[in-house]
Structures are given as structure tokens and as C-alpha cells.
Amino acid sequence: MKIEGSYPFAAPRDVLWPMLLDPVTLANIMPGCEALETVGENQFHGILKIKVGPVQGKFQGEVTLTDVQSPRGYNILIDGKGAPGFVKGTGSMRLEEDGDMTLLHYSGDAQVGGRLASVGQRLLDTSANAIIRQSLEGLGQQVQARMMADASSELGMTDAPMPPAPPSQAAFAAGVAKNLVEEYLAPENRDSLIKGVLGVVGILLLVRLLSNWWANNIAQKVAKALEKGGKEV
Amino acid sequence: MGSYIGKSMKRVEDPRFIQGKGRYVANLTLPGMAYLAIKRSPYAHAKINSIDTSAAEALDGVLGVFTGQDLLNDGVGALPCGWQVPNIKIPVQYALQVDKVRHVGDRVAIVVAESPYIAYDALDLIEVDYDPLPAAIGAKATMEAGVLVHDEIADNVSYTWEIGDMAARNKAFAEADHIVELDLINQRLIATAMEPRAAVAQWNEFTEEMTLWTTSQNPNLTRVVISAFTLQIPEHKLRLISPDVGGGFGSKIPHYPEEILVPWAARRLNRPVKWVSTRSEAAVSDTQGRDHVTKARLAIKNDGTVTGLDVNTWADNGAYLSIVAPLIPTAFYITLLSGLYKIPGIYGNMWGTLSNTVWVDAYRGAGRPEASYVVERLMDLAAQKLNMDPIEFRKKNLIPAEDFPYQTPVALQYDSGNYQGLFAEAEDLSNYAQLRADQAQARENGRLVGIGVAGCIEASGPAPSAVAGALGGVTGFWESGSIRVHATGKVTVLTGAHSHGQGHDTTFRQIVADQFGINPNDIDISHGDTAVITNGMGTYGSRSTSVGGSALVRSAEKVRGKMMKLAAHLLEADEADMAFDAATGNFHVKGSPDKAKSFGELAFAAYTAHNMPAGMEPGLEEDTYYDPANFTYPNSAHIAQVEIDKETGQITIQKYFAVDDVGNVINPMIVRGQVVGGIAQGVGQALWEGAQYDAGGQLVTGSLLDYTMPRADGFPMIQTSRTVTPSPHNPLGVKGVGEMGTIASTPTIVNAVMDALAPLGVKHIDMPLTAEKVYAAIHAANGGGH
């Protein structure tokens, strides 16, 4: 499985860089991340709970950063396993300055095995991309919060806004659903369906405030229905 | 009573199937039953450093966690390979791996627990420490992988096989006007029977008897293997029961490790134990099918005569050799390369390779579809080369009807055939001339319409035991058939064949009813229980009616012979003056139908035994072991019309015509059902199905999300017809039917798609012909533009 992409941040590289080395920040932005702790220099131990199609379970593993070039980027080695299979991957992250903005480029190649590979194959790329995009969106929000907090403290205000929580399971399901739509629908039909789906998911997220369990359940069904509907298109 | 043979009697087994009342292994629940689950390897190839079962053992409700070492300590033997071609290197396979895993899904440990849920939870608590190794993948590429699946087998080549007339081949190619070459891949398939495999075992500690319910196509054969090789439970203390089995397609022929693990655990824990495969487990543990890489050449003359065929094939067997795996790409493949044609110079050569994938064995057609695919693709390319109509080209090369029995250059002797009649019927049924006229019109309108033709042969009904032995078979391939007439005139039929969808309960009743002139409702067919059926070989290779049915005819003849003697005695007539009237079931004096004894009267007389002829024993039951004199050679001509959507590459099958010659037909409805089902399965390979392994050996099509099965909406109404050329060497004159549709439909559909793409200059696309591949071919042919 190959992964590649870029994501823009409305923040200088120097603000972004330390956050990309901070396990607390990273654990917060990654959907399903239950723990990420430093076990050595540039070495982390993590627990990630994932659900890909019918396969779900916890992965445990080591994340090692190599070739760390502050503040330009680093390479990543991931070696994890769990009940649903194993993941072994290498990747790289580069930060490129672009005026006031910073572009984050990422690429990676992962070997996925076990039940995860055999049963979830069709959803694997989609899910991986959803995890990455939501992580980056989460990071974007944290960066904004950090920038606002810095601005606030400069103005002498003390009530810094709280960083946003990591995406919930329901939000993750919606993300996967959106990705699936992109994969299976012709572009001209996509917008209306995405709007419709996001509307539904938005309502679900409201409902979630009332009943967490209920919303999770429905969001997953929506994701499933989309997956089914998408294939027949 | 009239004649039942030839009538479309409704299947007596269907009421229970369609009402969900079938008796399947997974439905069986025994008091005190425990449940077994299997820890499988997530790696295609890895060294096992250690297995820590302590956390799993500590889980509440777990009765035991066992590894391969436990089985070795208990003296459990390796799984044998039952087809040993010369110089074969057979890799050792145990039910649970101890040192190394060799494919994703390979077995490393088992858990037995109070519930299946606890058992599955416990699997996740077993810690296996692996050292992953690079994987050897690909039927041909595995030879150069630089990685050995088994250290003792060099280049991952387990066996090689070649047959044919090399001098005639060399002459044909030296003198050919044209040589047509084709490199093709016959992709790997996953069998996907509707019922997953399952096993239940019960041990009786006092009698030391084991009963194993298992989803087998051949329980008697599997019992022999378990007794002689693996668990070594004495055969008279081991009972196998294969009740209703929901589809096999070859994947339920082999003796599986689970058939060792489940009874072993039942004995070890002294509890009944049950295991039912999940669909994902099936994808990584059931034997898979096909998987050939082939380079082939056809030598032709300008006048359209085919003079030579040269085939080199690399056949992937997976990580271990399953029970008859080496048979499939050898004696079931190369020997069929003559097809329906008179080709003097045929030579075939193959390499049986090993790879870090799930094992490969028989899959509906088993070797014969692969042969037909090679021949029929080449015939189409050759016709194209000479600008001849594909049917005209084939007709020019068909074996003439007067040449039968026909000896091919690749060992087989075809028993009977009328291939000209077969093609005439196919042209007639399809209105072939009109199809071609319509196609020309459609092409003028810029539509991609294709017509595909294939003429195929099968060697069915394995096999003459001496021939099987000479070709590498460890066992013979006779079949048993017993007829027990009860005192009240009812009949119990015992057959060593096994029904897992074929409709034996119906077909065999029709056969036996006609033998005695009795009502089929007075007959019961018993199969699949080794306590009732002493010996048998099971069902595969389209053999049940021609071999198993013939055994029943022979037993019926013996019973009738005894009844005739008894009737003559009771009527005080000379036996030579007696006759049997199959319409009434009466044994009577010739010319005096009133001087008769009915079937029922004679049955009763045989058991009261008050007045028997001198020297005749009471009772009325007879056994037969029928060893066929030859294979039977069903053949077919199929024609299909497809249209391709240029914008998407989507293929629609618009028309499908199938003419099959399966010899005499016992039940036309069942025959049509098997032909149509077979066609659907073969089209599945042509258009949709394909097991994909990635470079690391991960099966990436391990669920029905990714592995595309045929569905009813992919087919038009299939039109069938038949010609009847009876087999001369079995008493029923029947040939095999179960696999014919599958063998013929794959090349028919691929030829149709290639015919549609011919105006674009596309010569060949490897299966499955997905919309994506077809679209890419259209796109490339259009120079990358639209």
C-alpha cells in the first residue's frame, strides 16, 4: 500500500515542527490512537484502535523517526501488529515553506498482512487516507488553536482556547464514507451526494450528543450503505 | 411402472434444501460439545521462534490450547500426497506447523473452548513470535525467487511431467506455414462453496471408536487416509459421516488438517468437538484452483489444417501438495491437449512448482478447463490468422466420427464422439449465420459485438484403476454399489459416490427403478456414512453416474439373476424359458405373462426361504466394485454473443448457446441444471474471479468484497441442447456432465470478448476480463485517446 499527499497549514514551519515531534499532540490528532509514549530518542510506542470494513482491533507497535532534520522533516519506520494482522512501513514527512503557509508532504509504503489485508483490502487505502487526512485536519485545528493562544497571550488574555478533541468514531466513519464516495461516484454526481451525506452525518453528530452509542451505530450503517450503494453505481 | 430414465423427475432432495432443513455438519450439536478455533499465520513465510499460549490458556472457558509439538508428541503423522508422479519431491506437511509457516492462513495452534466466541477470543491471546521471511510467489516466478518454500526442494520445483510425440511435433513446426504463439495465464480461483467446511468429532473412550462428521466429497477415501497416515485410528474404529454437503467443486476432496485436529482434540479432551470454517478462513485454507502460466504454439498449414501443438506450463501447487494435486496439471491436463481435433504433433511439458500461497488442487474441471482454454484460444488466433471463420476452421480439424475410438498423441483413447454433429447442432441452435450477419451490422454502427465459439473435450469418470496406478495414483478409482432388497420389496441402495449437489438421490433412484420395474419411491439411496458404505471412492471428475451408477446396474443385474432363478423354481419352469418384464417388474414364463412372479413376491420368498432352489442362499442383496474400462469423453460446442461498452469496458453477455454431448441422459432437468451452473462457474473465471496475492504473499482477495463471484444478473437465459453419442463401455452409455459447462464456457466467453475487440487489433487479455482491463485495452488500441 502506497500513500502520498500534501496538506497546507496556515502557520509558519517553526510552529508546526515541534508539534510533529510531540507524542501528546500526535496522539490527540490521530483517530483511534489510544496511547503514544516516548520510549527513547525519536522512538515511540503506540496503541492504535482501527476499524477497516469488517476488520477491527488494536495494533501495538513501535514508531521510529530517523534522519530528523529540524525543521525540514524526518523519515518514519512503523512496525506494528495486533489481532487483525500486521503493518510494516516506511515513510517520510517534509515541511516546505510557502510564504506564510507551510506545506506538509508525506509519502509512505506499507506492507499490510493478515486478516486486515485479506478482508479489508478494498477499504484499506480509503481508510488509511481517511486516517491521515483527519489527523492532518486535526493538526490544522491544533495549529490554529496554538496560533490563537499565542496571539491571546500576546494580547494579555489568559483564557486560551482548548485544543480540539481527536475525531470520534462517528466522524471517522463519515470520513471513510466521504472517501468512498469520491472513489466510486462520477464527479458530476459527487457533490450532491456528499452534501447529502454530510448533512446526514451532521445530524448524526448532533444526535451523538444525546446518545453516543446510537450515533456510532447509524454512522457505521451509513458508511456501509454508501459502500454498497457506491459499488452498484 | 414405466421407464424413469430420460424423465425430468423432480429432485427428491430439494424439499429439504429449499426449506432450510438440510442436514449439514454445522447444524450438528452434541451434548457437552466444545468448540475449536485455529490460530493461523498472518505471514506468507516466516520462521516460528516461539508460541506463548499461557494467556489463552488462562482465559475463562478455555479447555485447552495446543500446538504442533503436542501433535508430534502424540505421534500424529504428516498429511500424505496420493498422486506420485515419477521423481516427485513431496514436501512434509503437518496439521500444525512447528518450525515455519509457509502461507497466510497456515495453521500454528488450536484453542478448544466452551463456546466458539471464547475460542476466537483466546486466539488473539496466543503470542506467536515470528521471523518474517521473503515469500516465493508466482507459478513460474517462484523458480527464480531465491527463496525456498521447503529447504529440501530445489528451485521450488516439486515435479515435472511431459508427454506427447516429440518427433511429430518437431516435424509439424518445421513444416508449418504459420506458427501461432500465445503466452497466457490461467489465473488462480477460490472455490467458494456455499457451505464452508466443518467438522464435528466424538470419541467413545470405552469402545475407542471415533466418529467424525466432515464436509467431504469422499468420506471413505478420507477415512483410509486418516487411518493409514495421519491419526492412525484403526479403520474399523473410525466412522466418517458426510451428510448433506453444500457444494464441493473439488475443494472438499482433500484430507484436511482440520480433519486431524478436531478428532485429535475430541480424544484428548474426551469431549465432542466442533469446528466450522469462517468465510475468511476458507479463503486461506480451502484448496484453490487453476494457477497456470503457459507458453503455447500451434503449427498450421495454409489450408487451415492444424499439424502441431507445443505447450509449456508452470503450475503453482501452493505451499504443500494436497491429496491429488499433482494429478491435476499432469494426467488431467496435458493428456487433454488434443481437444476435439486430429493434431498429429502434440507435445506438452510442465513444471509443478511450490510457492508461499494456499495449496491448489482440483477445482471444477480440474486440469481439463486449463487444457481446453489453451487449445481453444489458439484455435481462435489461428483462424484469425488465416482469415477463416472460427467454426469453419474448427470443423476442418475435428476428429471424424468414423475414427472412433480415437487414439490421441497424448495417451488418451477417446471412446466415442460425433463432433461434426455437435457443431451442426450448435450452429443450428444459435442460428450462427444470422449471429454473424447481425455482428457485421453492429460493427458498421461502431458497436463492439463479439461472437465466441469453443469446442471442448473432457476425460470424465476417473478412472480405470490400472491406468490411474500407472500415472501415479496411489489408489484405484473403482466405485462400489450395493443393492439390498428388503423382504417387503423395498430397496436400499448403497453407493460409494457422494452427493453434494449433484442430485444422486434422484438420478440413482431412476436408474435402479428401471432395473427392477419398480416405483422410485420404493427405493432409498444411502451415501456418505462409512458405517453403512464399507468402501467407496466418492464424487469428483464427473464420475458418479458413469462409475457409481454402473456399479448399481451391475448389482441390479446380479439381484435380477437370483430373482430369475427363484422365479423359475417357484413357477416350476426352466430358467432358460423365463423373461423379465421391466415395465411391470414381473418375472414370467416367456409367452405367458400370467405365469409370473412379481418383484415383491420374489423379495418376500427370498427372505421366508421356505422354498428355495437347491443350493441357493436366502436373502436378496448384492455388491459390486465397478472398475471402468476407460474414461468417458463428454464434449461440447458453445457459442456466445457479447457486447462491450466502449466507454466503460463493461461486458454484457447477450446470448449463450450450449450444445453438450454427455451420452445417454438419465434426468434431463438435472443435466441442464449442471450444464447451466457449470457455465456460470466458468464465466466467473472468464470475467470476474481471480485470487490475487501481493508480492509479500498476502491474499488481497480474501473476502467476497474483493473476490467477485458470478451472479444471476450477469447472464442471459442460457439455451441448451444436446447430441447423444453413448459411451460404448459402460452399461448406461453415460458420460460425465458435472464439469462440462465450466470447461467450455471460459474459452467461449474469452473468445467472444476477443472477437469483439478484434477490429481494434487486440489479440489477448488475461482473465478475468474485468471492465478495467478491457477499457485499458480499448484505450491503448485507440492510441491512448478516445
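Which strands of chain B does helix H15 (residues 544-570) lie across?

## Helix H15 and its sheet

In this predicted model, helix H15 of chain B lies across strand S19 (479-485), S20 and S25, and runs at about 145 degrees to S25(B). Helices (H or I, at least four residues) and strands (E, at least two) are DSSP runs numbered from the N terminus. Axes are lines fitted to C-alpha atoms, for helices over the stretch in contact (heavy atoms within 4.5 Å), and angles run from 0 to 180 degrees between N-to-C directions.

An open sheet of four strands in chain B has the order S21-S20-S19-S25, with mixed pairing; two strands pair if DSSP finds at least two bridges between them. The edges are S21 and strand S25 (621-626), each with a single partner strand, so one side of each has no neighbour in the sheet. From one strand to the next the twist averages 15 degrees. Strand S20 (residues 491-495) and S21(B) run parallel and are joined by four bridges. Opposite B:Thr492 stands B:Asp524 in S21(B).

## Salt bridges in chain B

B:Asp524 also meets B:Arg509 in a salt bridge (3.2 Å, N to O); a salt bridge is a side-chain nitrogen of Lys or Arg within 4 Å of a carboxyl oxygen of Asp or Glu. The pair links helix H14 (residues 504-516), which holds B:Arg509, to strand S21 (residues 523-526), which holds B:Asp524, 15 residues apart. B:Arg509 counts as buried at 10% relative accessibility, whereas B:Asp524 is partly exposed at 45%. Buried means under 20% relative accessible area, exposed over 50%, and partly exposed in between (1.4 Å probe, protein chains only).

A second salt bridge joins B:Arg169 and B:Asp310 at 2.8 Å, N to O. B:Arg169 lies in helix H5 (residues 166-174) and B:Asp310 in strand S14 (residues 306-316), 141 residues apart. Both B:Arg169 and B:Asp310 are buried.

## Chain A and the total

In chain A, A:Asp109 and A:Lys2 form a salt bridge, with the closest N and O atoms 3.0 Å apart. A:Asp109 is in strand S7 (residues 101-113) and A:Lys2 in strand S1 (residues 2-9), 107 residues apart. A:Asp109 is partly exposed at 36%, and A:Lys2 is exposed at 66%. Over all chains the structure holds 43 salt bridges.

## Confidence and conventions

Chain B averages a pLDDT of 97, and 99% of its residues score at least 70; pLDDT is the predictor's confidence in each residue, from 0 to 100. The complex has an ipTM of 0.73 and a pTM of 0.90 from the predictor.

Residues are numbered from 1 along each chain as its sequence is written, and chains are lettered from A and ligands numbered from 1 in the order in which they are written. Local features need pLDDT of at least 70, side-chain atom pairs count only at pLDDT 80 or more, totals for chains, interfaces and linings use all residues, and side-chain values use heavy atoms, leaving out hydrogens and water.
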